[in-house]
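Me: I have a new structure to get to know. Please take me through it one question at a time.

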There are 2 protein chains.
Amino acid sequence: MENIKEKLLNGNKRAAARLITLAENGDPQAANIIKDLYAKSGNAFVIGVTGPPGAGKSTLTDKLVKAIRLKNKKVGVIAVDPTSPFTGGAILGDRVRMSDLNTDSGVFIRSMGARGNLGGISEATGIATDILDIFGCDYIFIETVGVGQSEIDIVKSCDTTLMVMVPGLGDDIQALKAGIMEIGDIFVVNKADRDGARKTAREIGAMLSYKTSDWTPPVIMAEAVNSEGINEIIESILNHKTYMKTSGSGMNRRIENKKNELLSIVREKIHKKLLEKTHDDKLLELLSKEVVERKNNPYSAVETILNRLNIK
Amino acid sequence: MENIKEKLLNGNKRAAARLITLAENGDPQAANIIKDLYAKSGNAFVIGVTGPPGAGKSTLTDKLVKAIRLKNKKVGVIAVDPTSPFTGGAILGDRVRMSDLNTDSGVFIRSMGARGNLGGISEATGIATDILDIFGCDYIFIETVGVGQSEIDIVKSCDTTLMVMVPGLGDDIQALKAGIMEIGDIFVVNKADRDGARKTAREIGAMLSYKTSDWTPPVIMAEAVNSEGINEIIESILNHKTYMKTSGSGMNRRIENKKNELLSIVREKIHKKLLEKTHDDKLLELLSKEVVERKNNPYSAVETILNRLNIK
């Protein structure tokens with residue numbers, strides 16, 4: 001273990017990968033290493049990349065990483081897969097194998113797979129971010145399909161969030177925009193060669209005009225496949241980084257995010273206890289059967305469980 | 001309140017709507033009414049309708065409801081909106097106003113809006129389902145965009161799940177399929193007049209061939225807008241209903257679902273306690289600030305919170 005610690009600080013990618021795996025598996029030694037080294041973290045700037053399926057997030061992220069690498073910065077990429085409870089990771093696939101960036105010693109790529117049904121994706125992502133931060137990454141990209149509460153939680157935990165939109169994904173997607181306006185710091189209309197790209201950009205701009213924060217999110221047209229718009233996006237990221245620092249918003253956001261992260265870890269720990277204490281003697285099974293047979297009702301059943309947990 | 005109870009049992013739609021609102025707001029009187037009447041529930045057959053944005057779920061649900069109404073059965077529709085924590089309900093919009101079914105006294109439509117950040121959508125949906133069940137609905141449709149953990153949880157809690165797919169939504173959606181194969185009892189390829197519909201159906205069929213359950217999910221081509229395929233879907237729903245009853249799978253599934261529902265309600269209750277106990281004296285704020293400033297680490301902070309909750 002001391003070995004991993006040293007290797008991690010020396011920039012050994014395998015050591016970072018191993019430590020993430022150990023931490024994901026709840027290994028207490030991994031937790032101890034992170035505890036020990038935690039004071040060395042906090043330097044990475046974390047960028048969330050999200051948007052609907054098919055928006056081209058992976059390609060865009062790859063291009064952004066390449067552009068940042070030209071500045072000789074160390075970069076981490078975490079690809080979070082929302083379907084993982086069922087598939088072990090299907091939407092984004094294995095980013096490690098998919099990206100040609102993986103041979104670059106200054107780039108670390110990780111796919112976050114199945115974390116079970118415990119809503120543990122946020123915790124796993126948080127730990128991986130901390131490890132990559134300790135590992136010395138200057139920038140960490142967290143890529144996720146922007147749907148569902150846990151994905152939104154992850155994206156909200158970043159320093160900057162890129163919302164990647166795409167023209168012509170139908171009415172539902174148009175409606176979805178309203179929901180994600182609040183969490184985007186920079187908007188990208190990718191696949192901008194498609195019909196309706198300008199219209200999409202205009203609509204986003206119109207919605208953003210209602211925002212009351214000091215930071216007005218830019219709306220950038222891009223064609224990630226052809227590397228178009230990449231430099232402009234990088235510039236916006238750096239502008240936002242400066243804004244976050246000088247305005248003090250960055251610190252406030254990090255504290256807010258940390259609150260949510262701590263709460264979510266606590267919730268998961270309690271959930272594990274809950275499962276232990278109700279499975280042992282089949283209390284949960286029994287109560288559920290009673291409720292389904294209408295010999296009991298959900299309210300009384302919940303009270304019974306809370307009493308068992310000694311929570312009042 | 002006695003008044004609501006009586007009106008509910010007499011099939012008054014306003015009473016049902018009012019009780020759902022009261023229950024959503026955590027009104028203890030509402031909980032008491034549901035407790036009292038819970039034994040009258042359990043007769044409704046609950047059908048989940050899910051799929052990616054733009055698959056035409058709302059139109060399909062409306063057509064299915066109309067078809068079932070011809071059999072003179074009472075129907076409930078609950079539209080769950082996953083973006084609600086931010087928007088108060090944006091993707092599916094207000095289904096009550098959107099549907100012409102609303103003037104039919106045998107149809108009850110409800111949009112589930114913002115339930116805050118507590119993951120409370122499942123609980124709210126569960127309560128609404130119970131109330132519509134008591135209200136006397138023979139069939140209840142729960143419509144949701146099939147993305148994200150809480151939406152999947154909701155769909156898993158149904159007696160039958162319709163997975164609505166659509167041709168040509170791009171590679172990500174194709175990949176998504178693998179994740180949702182497990183929870184679909186009936187697959188619908190909607191907008192079947194579009195290019196690639198047969199290919200999509202074939203691909204779904206190929207994936208399903210690996211399923212090992214006694215029930216082989218049918219794959220049905222439909223054009224909901226033109227009412228094509230509706231009767232076939234209804235027939236499949238009724239077949240699945242019969243299968244669930246005769247095989248005993250239905251009872252087992254309901255018990256499994258009830259377990260998850262109870263756990264999720266318990267989790268939410270604990271979460272509320274957690275917020276109370278850590279907000280009072282700004283413990284959470286303080287710990288988060290310490291962690292961000294690297295004067296503390298997440299692991300130790302979480303232990304402090306768990307101790308405060310007296311959970312070991």
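Me: How many other C-beta atoms lie within 10 Å of B:Arg294?
Reply: Burial is judged from C-beta atoms placed from the backbone: 20 or more others within 10 Å makes a residue buried, 12 or fewer makes it exposed, and anything in between is partly exposed. B:Arg294 is partly exposed because its count of other C-beta atoms within 10 Å is 13.

Me: What kind of model is this?
Reply: Residues are numbered from 1 along each chain as its sequence is written, while chains are lettered from A and ligands numbered from 1 in the order in which they are written. Local features need pLDDT of at least 70, side-chain atom pairs count only at pLDDT 80 or more, and totals for chains, interfaces and linings use all residues, since this is a model that is predicted.

Me: Back to B:Arg294: where in chain B does it lie?
Reply: Most residues other than glycine have a negative phi. B:Arg294 has a positive phi, near 60°. Helices here are DSSP runs of H or I with at least four residues, strands are runs of E with at least two, and both are numbered from the N terminus. On that numbering, B:Arg294 lies in the loop between α13 and α14.

Me: And A:Ser227: which loop holds this residue?
Reply: A:Ser227 is another non-glycine residue with a positive phi, near 60°. A:Ser227 is partly exposed because it has 13 C-beta neighbours inside 10 Å. Its place in chain A is the loop between β7 (219–221) and α11 (230–247).

Me: How are α13(B) and α14(B) oriented to each other?
Reply: Two packed helices are described by the angle between their axes and the distance between the axes. Axes are lines fitted to C-alpha atoms, for helices over the stretch in contact, and angles run from 0 to 180 degrees between N-to-C directions. For α13 (residues 283–292) and α14 (residues 298–308) of chain B, the axes come within 10 Å and cross at roughly 165°. Angles under 35 degrees count as roughly parallel, over 145 as roughly antiparallel, 65 to 115 as roughly perpendicular and the rest as oblique, so α13(B) and α14(B) are roughly antiparallel.

Me: Which handedness does the crossing of α7(B) with α12(B) have?
Reply: The axes of α7 (residues 121–134) and α12 (residues 249–279) of chain B come within 9 Å and cross at roughly 125°. These two helices are therefore oblique to each other. A crossing is left-handed if the near helix is turned anticlockwise from the far one by less than a right angle, and right-handed if clockwise. The crossing of α7(B) with α12(B) is left-handed.

Me: How many charged residues does that contact of α7(B) with α12(B) have?
Reply: Residues are in contact if their C-beta atoms, placed from the backbone, lie within 7 Å. Here B:Ser122, B:Glu123 and B:Gly126 of α7(B) meet B:Glu261, B:Ser264, B:Ile265 and B:Glu268 of α12(B). Ala, Val, Leu, Ile, Met, Phe, Trp, Tyr, Cys and Pro count as nonpolar, Asp, Glu, Lys and Arg as charged, and the others, Gly among them, as polar. The contact has 1 nonpolar residue, 3 polar residues and a charged count of 3.

Me: Which residues does A:Ile265 contact, leaving aside its neighbours within four places in sequence?
Reply: A:Ile265 sits in helix α12 (residues 249–279) of chain A and counts as buried because it has 21 C-beta neighbours inside 10 Å. Its C-alpha atom is 8.4 Å from that of A:Ser122, 143 residues apart along the chain. With those sequence neighbours left aside, the contacts of A:Ile265 are A:Glu123, B:Pro298 and B:Val302.

Me: Which are the edge strands of the sheet in chain B?
Reply: Strands pair if DSSP finds at least two bridges between them. In chain B, 7 strands form an open sheet with parallel pairing, in the order β3-β2-β4-β1-β5-β6-β7. The strands that pair on one side only are β3 (107–112) and β7 (219–221).

Me: How many residues of β4(B) are buried?
Reply: Parallel to β4 (residues 139–145) of chain B runs β2 (residues 75–80), joined to it by 6 bridges, and β1(B) pairs with β4(B) over 7 bridges, also parallel. From β4(B), B:Tyr139, B:Phe141, B:Glu143 and B:Val145 point one way, and B:Ile140, B:Ile142 and B:Thr144 the other way. The strand is mostly covered, and its buried residues number 7 of 7.

How values were computed: Two residues are in contact if their C-beta atoms, placed from the backbone, lie within 7 Å.
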